[in-house]
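Dear colleague,

Please find below the structure that I am handing over to you. My notes on what was found in it follow.

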Amino acid sequence: QVQLVESGGGLVQPGGSLRLSCAASGSIFSFNPMGWYRQAPGKQRELVAAISSGGTTNYADFVKGRFTISRDNAKKTVYLQMNSLTPEDTSVYYCNMGRSVVGRLGSFDSWGQGTQVTVSS
């Protein structure tokens, strides 16, 4: 069973930046795509960004040019650098292993516990 632990969330002012991290357990990290999703109250969980095992990335239109996903296979960690944050980015952000870079279900579907990001003045 893969365990994913997110960190880096918090309160930030509009226009500010945060960097989320997701550390994975086990030995399959480097072989799998990783994704960041978010879910606001009353809304469905949505794909924010994903990265393949080979480094190919995919971004939701609403974060293109502002967010950057990256991975460090040696550290078994995926990152989400978030810049130019707006109040609309306020959400719980979840890390995923198992879905494709476009969010399609794979042979497994592992999630972290989520980290809250609040953008407010």
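Which residue does a disulfide join to Cys22? The partner is Cys95, with an S to S distance of 2.1 Å. Please bear in mind that this is a predicted model, and that every value here is computed from it.

The structure holds one disulfide. It links distant parts of the chain: Cys22 belongs to strand β3 (residues 18-24) and Cys95 to strand β9 (residues 91-97), 73 residues apart. Both Cys22 and Cys95 are buried. The link is left-handed, with -80 degrees about the S-S bond.

Arg71 is buried but has no salt bridge. Its nearest side chain of opposite charge is that of Asp72, 8.4 Å away, whereas a salt bridge requires a side-chain nitrogen within 4 Å of a carboxyl oxygen. Leaving aside residues up to four places away in sequence, Arg71 touches several others, among them Phe29, Pro33, Met34, Ile51 and Val78.

Finally, Gly26 lies in the loop between β3 and β4 (34-39). Gly26 counts as partly exposed because its relative accessibility is 42%. Between Gly26 and Gly106 the C-alpha to C-alpha distance is 18 Å, with 80 residues separating them in sequence.

With kind regards

Methods:
Residues numbered from 1 in each chain as written. Predicted model: local features only at pLDDT ≥ 70, side-chain atom pairs only at ≥ 80, totals over all residues. Heavy atoms only, no water. Disulfide = S-S within 2.5 Å. Helix = DSSP H or I, 4+ residues; strand = E, 2+ residues; numbered from the N terminus. Buried < 20%, exposed > 50% of the residue type's maximum accessible area, 1.4 Å probe, protein only. Lys, Arg positive; Asp, Glu negative; His and termini not counted. Contact = heavy atoms within 4.5 Å.
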